[in-house]
Amino acid sequence: MKTFPGLTASPGVCSGKAYIFKAPDLSYDPSRIEAPGEEKKRLNRAFGLAFEELDRIKDSLSGSMGEEYGHIFRAQMTILEDDDFRREIEDKIDESPRRAETAVEEVYKMYALLFSEMEDNSYNAQRLADLNDVCKRVLRILLGKEDVTLSVLPPESVVIAEELFPSDTAMMDRKNVRGFVTEKGGLTSHVAILAKSLSLPAAVGTPGVMGHIVKDDTVVLDVRDYEKAVVYVNPDGEEQKKLAALEEDYRRRREELLKMKDLESVTKDGHAITLSANIGSVEDLVTAQGFGAKSVGLFRTEFLFLGGGLPQEEEQYQVYAEAAKKLAGGMLIIRTLDIGGDKEVKALNLPKEENPFLGLRGIRLCLKHEELFLTQLRALLRAAVHGDIRVMFPMVSSVLEFRQARELVEKAAAKLAAKGVEHKIPPLGVMVETPAAAFLADELTREASFVSMGTNDLTQYVLSVDRGNEEISSYYRTFSPAVFRAIAMTARAAEKNGKWAGVCGELGGNPQAIPVLIGLGVKELSVTASALPQTIAQIRSLDMSRCREIAEKAVSLATEDDVKAYLRTAV
Ligand code: PEP
Ligand code: MG
């Protein structure tokens, strides 16, 4: 048996078979050419196999994630059925001797050039992205490489990867995943958030696993400890028995906690704390409701955009309205698109940035791509008539951005009104996730209806440390007094202006941090679905006056270690 230590990204215990997620090497020698007839035969065979692969993915996704996801692949299948497209590649092979691979790449480049001269709109960007995917698939098949996709997984897979991005996992076959192990990635990286939303264990920052684990190895993940995770590979009979007992014990304790899910989240001395769930889709909401969610404090809408498609107004409206209806009057905070950083939307074809976390992200990108933003705003305003929808803007770093976003909300409303479409302007809030927003919390909460602290980014920007880089994870100090002081400042300003402040970053679900947050005046916690029952249980065991004492002390300390040591004894 081999073991690997890692960082706890999402708690739990699981066992399964390793599925190694690694993009295949698509390099080849262009001078090794067969006769043109043979190259054309290879091409046609590859087209047929590519079609079959897409058909399998389409069926699998329709089953696990809903029909609409399956349809995304239908567009790519249509490209493979297009005889003119295939003939263009064959003509290239005939033109002068070329490998089928070279011909595919040349035809793709020609189309990419053509598209670059067309109108820069989301429809064209989507078509080019589909074409790119199809050509890569055909190329890989021509080179005899296996498809490495998360869209179709063997049962009980533990996904092992160097790193996982939202674009990799958006189309993941969720029903067959048991857990995740990645070499890279920090505690609040995408895979950590995804794993928590699926209530699955994940270990990140486990260097070397890719070189030591092979497909179908037995992997057991023990991620019970907040401080460290352990990955066991091919445990022998005795060890496996012990680990199976651990898994069973963990499952039983979770079941016990689940009994708390419908109790009120109120402290022993009667202070109500709104407890909400973080979601990325309607499916996540259904899961969260299973854990007792009555409201949503963060709907990450960019997840609707990461799977390859650019949903238009009607499709978005349906999703937001469905979520509002499912909550039956419960608060639903929808965050407008937070693209950028590590969230790449392929269909938008945005230029690569040197420093994406400080780049065109969140509200900045939406203010620049006004049509994209207005489409989402119209969908939100229409959905707002179906429930208690509130809208918040990510990555705000000045009052001006909030005002500009609000003006666009008014513009979207005017357009709907002119067309006689039913709509409502919902309360507008701001995410506090830049130091500037914390410093300006007073000004922001005079104009916004509420603020919600995105502590994942707030920590990253207050401490100037990349949240996704495991190499510097020791600098990503979740319990830094600097971060708590930014939270204190924000909560105080909101209170002064008669508004509420919440926390929707991962810190909000951290049992050691919760008494501090509540003591600092945070009124709402939005946590990952699976953390809801334990958070209710904890809030019900707390006393507000004691939380205030704890918070005051924690904020006054000098180092993260001091804070952690203090909380270990005080909480
Ligand atoms: C945050 O930054 O804390 C947050 C909730 O947003 P995201 O994790 O999606 O960046
Ligand atoms: Mg954020």
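Author: Welcome! A polar contact is a pair of N or O atoms within 3.5 Å; within protein, one must be able to donate a hydrogen and the other to accept it, and residues adjacent in sequence count only if both atoms are side-chain atoms. This is a predicted model, where local features need pLDDT of at least 70, side-chain atom pairs count only at pLDDT 80 or more, and totals for chains, interfaces and linings use all residues. Residues are numbered from 1 along each chain as its sequence is written, and side-chain values use heavy atoms, with hydrogens and water left out.

Reader: What makes the pair between Asp457 and ligand 1 a polar contact?

Author: A polar side-chain atom of Asp457 lies 3.0 Å from an oxygen atom of ligand 1, and the limit is 3.5 Å. Arg300 also brings a polar side-chain atom, 2.7 Å from a ligand 1 oxygen, while Gly454 uses a backbone N or O atom at 3.3 Å.

Reader: How much of ligand 1 does the protein cover?

Author: The protein covers 100% of the 290 Å² of accessible area that ligand 1 has on its own (Shrake-Rupley method, 1.4 Å probe).

How values were computed
Chains are lettered from A and ligands numbered from 1 in the order in which they are written.
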